[in-house]
Every structure is written in structure tokens, then in C-alpha cells.
Amino acid sequence: MTDCAFFSFFAGKCNKLGVQIVLYMTEKNIYLDNAATTKVINEVSEAAVHAMTEVYGNPSSLHRLGIDAERLIAYSKKQIMAALGVTAEQGEIIFTSGATEGNNTAIFGVTETYGKRKKRVVTTTVEHPSVEKAFDRLEEKGFEVVRVSPDENGEITAESLIQAVNENTCLISAMLVNNENGYILPVGEAFREIKKRYPECVTHCDCVQGFDKIPLSQKKLNADIITLSGHKIHAPKGIGAMFIKKNLRLSPLMVGGGQQKGIRSGTESVPMIYAFGKAVELLSGNLSERFNHATEINTYAREKLSEIGAMILSKENASPYILSLAIPDIKSETMLHFLEEKNIFVSSGSACSKGKTSDVPTEFKVSAEYLDSIIRLSFSYETDGSDIDALTGAVSEGMKNLAKIRK
Ligand code: PMP
């Protein structure tokens, strides 16, 4: 895949007084916010256009155009199943509008079917809001919700997840990679033991920040349900998928035409589905290369940013794609906008919180003095060392210039 450079040109025009102000800049966008969303790969957007303009039939139609559309869906299912290491005999791939819908479908779908007698549900305190808030709602409905927290070292142990489940538990939901700091939860180990002790407890994993980034398989995860999102892996926004293990009965969130085995009614978005499949195919082919690249970038960023006084918050063994750090005494948003002026795009904590402070860093035992100063960097195959050099230079400049307006 080619390294893409984006150039932005700003040219001022003559104002009414005839004073010509010409500001001409050629600068590449340094995009370090790939955990929020990614740039769509050209081949992937071309796949979507192909499905929109050439294979535009309704996949439920019996004629040839419908069957051709159905084939594109089958292709994408095959790609996702291969990436998860599953076969059609083991379960279904259901397409959704994204991971928010996937997580809601998993949590409400399971509890509606299996939560009539078993009223205990387990999750963690570091989940994405699409899981966290679904569990809040379950609590309002009368479920006993157990939320497992990181320990004093900021670790969620497999043992703590296992201990939270009992014979009255119908669901455990835990993410694989935390979106704010890249922390990898011991989901596979915990779910294996939970399935051994309580085979009826449904295991769900939000794999959004791990899928096609770190090595994973459904077998190793021991997850009955897996949630994925397209836009974190260079496919468009508005497409996601779920793996649902065979014989699991999920109550659908929406009723309608009964598409996708009745679990997700509504005409399938063939262009988005096909684009997702294409991205998975392209990325799965070089997962380890990209992983090694992200590791190099991450190591380099840790080194350079530590040198100028940044406090690295992500653990050494976190996903290499995400690096959380704090710039002492400078508010996250102040630094974010300072960097933006230089065409460097980062996130303050997590993009989902948009201005709201997230509790996740506190849960991970980040010291109170850093909570307002967190910056999240997230990398892609396009990130290179010069991006980190530019970032380090800009952060260093920011630390000097912004000192005057420190909190
Ligand atoms: N889970 C995690 C871990 C995420 O990072 C996100 C996206 N921020 C989601 C779920 C929601 O995904 P989507 O945007 O596809 O709804």
C-alpha cells in the first residue's frame, strides 16, 4: 500500500485596500487519530462504488442482480470469517450499522432471551459507552450488574472476571482492546474458564480496536459473540459486523423483513458490506507486518515524547496502535487545538467522549494530576517516523508557548 501524502494549500487574496496577504503553505496532514476513525483505502471505496453502481440489486430479490448482490455479501462474510478463524458451521456473520448497534444487539439480544431466569450480568468499568450504557439500562430493568474494575496496578485480571460470574449469570461482556489506552484485557483466558465452569453463560467481546490489528481468533477468545466495526480498519463509517455462535438465540433489536436470519431486519447495505469485506481482505494479508510497523512507531513515539517530558500512560504490552500520554500541566484540549494548527490531529482521551471527561483513566489508576492533560495517539500503516518527529517538535513548542496559559 502506498504512503499517501495530503497537501493543503491556503492562499490569501487581495483585500479591499489592495493589500495582498499571501499565505501559502504546503503541509501534510499528520493524522494520529486512527482509533477514532481511519481513512478509507482507495480500493475499498472503489468496491463500494462498484456495488452501488453495478451490483445494485436487492440481495433478497430472486433475479440475477439480486443474486449478484447476495454474492458480494457472501464474499464479505467469507473474509470476516477467515479473519476470525471461523467456519460457517460454527456460526453466523450478521452485518450491522457499526459496533454501537452490534454491542446493543449482543447485550439486549442475549438478556432478553436468556435473562428471564438468570438475572446477573457481568462487564468491566472500562468499556466503550455502547456497552457501558447498555448495562446501565439493564440495571434499570432489574438486572444485577457486576462491573469489574482494574486492580491497584491498573490491570484487569482473568481471575477477577472469572470470579464475577456465577451460575445465575446469563452474560459477560468484556472488550479486547481498550480504545483509550490500548490496554489488552485477558478475555480469552477468562472466557475459557467461564465457559468451562458455566457453559450457559454467553460470552461477548467488543473486538473493535483489536480486529485486524492484533492477532486474534474466535477460538482463542472463546467468545460466543464478537462485535466489529468497519471504520476502524479503513472501511467506511456505518458498517459493522457480529459473529454469533451457532444455536445462540438473540432477540432482535428491530423487527421487519426478517433479513439476516431475522436478527437484523432491513435491506443489507451491500456497498458498505462489500467495502468492509474488501478492507478485511486487504488488511488480513499483512497483519503481522502492520503490527510490527505499529510497534516500531509506538516505541519511537514513547522514546521521543518521554525525552521532552511527556508522561507515557499506556502500558508497554498494550496494543501498539494506541498510545496514551499526558503533557504535564497543559489541558488536553489546549494541546489538541495547538497541534491542529500545525495539521497534526490527535485525540484528547477518547473521541467518543467529545468534551465530556471519561472515567476510564481514573479506573486505570492514572494519577489525578494527569487526568486533564491526556492525549491519545493512534497509528495506522501510514504513520511514519517523520510524523512522530513533527509531533514531538510541535508538542515541545506547545509546552513552551502554552506555559503562559497553564491551568
Ligand atoms: N467499541 C469500541 C471499543 C470503540 O472504540 C468504538 C468506536 N469508538 C465502538 C465500540 C463503537 O463503534 P461504532 O463507531 O462503529 O459504532
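Begin with the whole chain and its overall size. A compact globule of 407 residues would have a radius of gyration near 22 Å, and the protein has 23 Å, which agrees; this radius is taken over C-alpha atoms, and the globule rule is 2.2 Å times the number of residues to the power 0.38. Along the principal axes, the C-alpha atoms fill a box of roughly 70 × 55 × 40 Å.

The model is predicted: local features need pLDDT of at least 70, side-chain atom pairs count only at pLDDT 80 or more, and totals for chains, interfaces and linings use all residues. Residues are numbered from 1 along each chain as its sequence is written, and side-chain values use heavy atoms, with hydrogens and water left out.

Next, colour by secondary structure. The protein has twelve helices and twelve strands, which are DSSP runs numbered from the N terminus (helices H or I, at least four residues; strands E, at least two).

Now select the ligand and the residues around it. The shell holds 15 residues, and the closest are T100, D206, Q209, S229 and K232; a residue belongs here if one of its heavy atoms lies within 4 Å of the ligand. Helix 3 (residues 99–114) gives the largest share, three residues.

An N or O atom in the side chain of Q209 is 2.8 Å from a ligand oxygen. For S229 the distance from a polar side-chain atom to a ligand oxygen is 2.7 Å, and for H231 it is 2.8 Å. Alone, the ligand exposes 400 Å², of which the protein buries 89% (Shrake-Rupley method, 1.4 Å probe).

Finally, select D212, K213, K232, I233, H234, L283, R290, Y321, S380 and Y381, which line the largest cavity. By class, this lining has four nonpolar, two polar and four charged residues.

Conventions. A polar contact is a pair of N or O atoms within 3.5 Å; within protein, one must be able to donate a hydrogen and the other to accept it, and residues adjacent in sequence count only if both atoms are side-chain atoms. On a 1 Å grid over the protein atoms alone, a cavity is a set of points where a 1.4 Å probe fits but cannot get out, and a pocket is an open set with protein on both sides within 12 Å along at least five of seven lines; lining residues have an atom within 4 Å of a point. Ala, Val, Leu, Ile, Met, Phe, Trp, Tyr, Cys and Pro count as nonpolar, Asp, Glu, Lys and Arg as charged, and the others, Gly among them, as polar.
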